[in-house]
Amino acid sequence: MQPSLIDLRDRGQFLHVLATLGCSLALSRRPSGVALLGVTDGVPTLAACLLPRSMGLAAAGNRLAIATTRELMIFANVTTLAPLYPKKPDHYDAVFVPRQSYYTGYCDLHDMAFDKNIVLAVNTRWSCISVIDGYFNFTPIWQPPFVTDFTGDDRCHLNGMAFHDGKLRYATALGQTNTPSGWRDGMAEGGILMEVPSGRIVAGNLSMPHSPRIIDGALYVLEGGRGLLLRIDPASGAREVVAKLPGFTHGLAGYRGVLFVGLSKLRQKRGPQGLPIEAEQDELMAGVAAVEARSGRILGVLEFVTGTDEIFDLQVLPDIRRGEILAPNQWFEQPSIVTMKGGMWEQRPEAAENDEPGAPAG
């Protein structure tokens, strides 16, 4: 989908907040694809690329990992080449290009994080947290203690993890269940927050919890089925409502005192799901909310009026205001080469291919 087909509406001071912070957001969205959202001169900058069923994201340094249907793709920001991008010179301050691809199989990867040179991912289909490094399709490293089999049938809809200071700390699931898709029957109120690695239940009776994060020393969880941003005491499990938001909450990142929360509409094809948010809010929106962490004040909401129904995950990209991201097919049309000695955009790649030895003349 091209960026021009995505209509945005700024409710409040969202764009001002993003501009003041000097960062962009990477957004995994549905129907499908990833978008980079920034602000320049008070105007939103948006770049989007199509990817097959984009899901979880991870960002570290100049790397951006994106989970798709059966792959985990890693993109690199070719910082020095961005202003030289032939199609728009002197326009971008970042261009993310595909660099690696791991073929995972169908894992339904949700939350992800870089751990130095490997990627940790919540492998929802296989009810585990996995390492993805290319040695195998994935290597399971943790599973909830109540899940007794290693099968690809989504026993509890394990979906979120908090990775902090180099350690896995917490995980969320939609049910404490051990049968194929057993979580579906009680998903409206059966969600749990677990401590890792012990598996201790920190908080229960959550409505579709997602995206546990430790931000500035506090533990946050999104309660999607109620549209809430929660702060939870890890010892007692006591929960505090930080903000109530106008959408199904999914995807959380913090930056310099601001919490960015992904908002989604409910999937109409599934019909009523018995979630509290269905009765409490008449109309849900897709977009991103900016919340002041200290006070819980909603600073603004950027609504996706068209082109996006769900925000699946989001990551903060510091010091980027106008970025671009090239899907593999776009990179093949305009390849870049970067080594430790420098880099360049290939010029007229089609002509170069025709000049190879043995290529037919004319």
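Let's start with the largest pocket, which is lined by 31 residues, and of these Ala59, Phe163, Ala253, Gly254 and Gln315 lie nearest its centre. A pocket here is worked out on a 1 Å grid over the protein atoms alone, as an open set of points where a 1.4 Å probe fits, with protein on both sides within 12 Å along at least five of seven lines; lining residues have an atom within 4 Å of a point. The space in this largest pocket comes to about 720 Å³, where a volume is the space filled by probe spheres set on the grid points, which are joined across faces, edges and corners.

Before I go on, a word on what we are looking at. This is a predicted model, in which local features need pLDDT of at least 70 and side-chain atom pairs count only at pLDDT 80 or more, while totals for chains, interfaces and linings use all residues. Residues are numbered from 1 along each chain as its sequence is written, and side-chain values use heavy atoms, with hydrogens and water left out.

Back to the lining. What kinds of residues divide it up? There are 20 nonpolar, seven polar and four charged residues, counting Ala, Val, Leu, Ile, Met, Phe, Trp, Tyr, Cys and Pro as nonpolar, Asp, Glu, Lys and Arg as charged, and the others, Gly among them, as polar. At least two lining residues come from each of strand 5 (57-60), strand 9 (109-115), strand 13 (158-164), strand 17 (209-215), strand 21 and strand 25 (310-318). When I say strand, I mean a DSSP run of E with at least two residues, and a helix is a run of H or I with at least four, both numbered from the N terminus.

Strand 21 leads us to a sheet. Five strands make up this open sheet, in the order 1-24-23-22-21, with antiparallel pairing; two strands pair if DSSP finds at least two bridges between them. Strand 1 (7-12) and strand 21 (248-255) are at the edges with a single partner strand each, so one side of each has no neighbour in the sheet. From one strand to the next, the twist averages 20 degrees; axes are lines fitted to C-alpha atoms, for helices over the stretch in contact, and angles run from 0 to 180 degrees between N-to-C directions. Six bridges hold the antiparallel pair of strand 21 and strand 22 (residues 258-264), and there Leu252 stands opposite Val261 in strand 22. Helix 1 (residues 14-21) packs on this sheet, touching strand 1, strand 21, strand 22, strand 23 (287-292) and strand 24 (298-306), with contact meaning heavy atoms within 4.5 Å. The direction of helix 1 makes about 110 degrees with that of strand 24.

Strand 14 (residues 167-173) pairs with strand 15 over four bridges, and Ala173 has Ile192 of strand 15 as its bridge partner. Three bridges then connect strand 15 to strand 16, with Met194 opposite Ile201.

Finally, the aromatic rings. There are seven aromatic pairs, where rings of Phe, Tyr and Trp (its six-membered ring) pair if their centres lie within 6.5 Å; planes under 30 degrees apart count as stacked, over 60 as edge-to-face and the rest as tilted. Tyr85 and Trp345 have ring centres 5.0 Å apart and planes at 55 degrees, so this pair is tilted. The pair links distant parts of the chain, 260 residues apart: Tyr85 is in the loop between strand 7 (71-77) and strand 8 (94-103), and Trp345 is in strand 28 (residues 342-345).
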